[in-house]
Amino acid sequence: PTQVLLEGQIANIGASNVTTHGFCWNTLENPTINDSNVDLGTASTKGVFRFSATGLVPNTTYYVSAYATNSYGTSYGKVLKFTTPKTDQTITFDVIPDAVYGQKQFDLVASSSSGLDVVFESTNPNVATVSGKTLTIVGAGTSTIMARQAGNDNYNEAEPQAQELTVSKAALMIVLDDISRIYGQINPTFTCQYLGFVNGDD
């Protein structure tokens, strides 16, 4: 989660000991103890105090102030502004098994650490095309399949991941038709069939 280290200072205790002190913050100006806050307890001496605020929303502007409370009331320090960075994300992309021209479509498997959808792309559309997460083989050869995630308001773009796809040629078979002839006659014309064509090829 996004976090930031806050630092404040009690410069003077005054006539009454500090009963509570800490930090308060919000996404508007002029935060008070009625907003998000942390109470670091009492303080009997002046000095610097720190707190690591966690769980902040990425890519968001916050306003923060230190505070101290004694019997006379609550005093606030100078309001400071900071913007949290976007969160990095990574992609996990499963290895693609070797394929053979003519085999059925199959789904690619990848995920992002952010939970955002991964987008796929084939670098060689003569070998494979991708629609959504479904890969269709259209020819023999090789293609690099890319997995990308562009990010959003809260997450940076992920580093693209690649998997190599190798598609082998489909096997063809020639089957000769059975034929006979009577002894002494000329040989008949031989005929055959080609088996193994796919995707309407011939």
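## Strands and numbering

Strands are DSSP runs of E with at least two residues, and helices are runs of H or I with at least four residues, numbered from the N terminus. The protein chain has zero helices and 18 strands.

This is a predicted model, in which local features need pLDDT of at least 70 and side-chain atom pairs count only at pLDDT 80 or more, while totals for chains, interfaces and linings use all residues. Residues are numbered from 1 along each chain as its sequence is written, and side-chain values use heavy atoms, with hydrogens and water left out.

## Overall form

The C-alpha atoms of the protein chain fill a box of roughly 130 × 25 × 20 Å along the principal axes. Of the 202 residues, 29% are buried (under 20% relative accessible area, with exposed over 50% and partly exposed in between; 1.4 Å probe, protein chains only).

## An open sheet

Three strands form an open sheet in the order S10-S14-S13, with antiparallel pairing (two strands pair if DSSP finds at least two bridges between them). Strands S10 (106–107) and S13 (128–131) stand at the edges with a single partner strand each, so one side of each lacks a neighbour in the sheet.

S10 is joined by two bridges to strand S14 (residues 134–137), and the two run antiparallel. Within this pairing, Phe106 stands opposite Leu135 in S14.

## An exposed residue

Ile174 lies in strand S17 (residues 173–176). With a relative accessible area of 56%, Ile174 is exposed.
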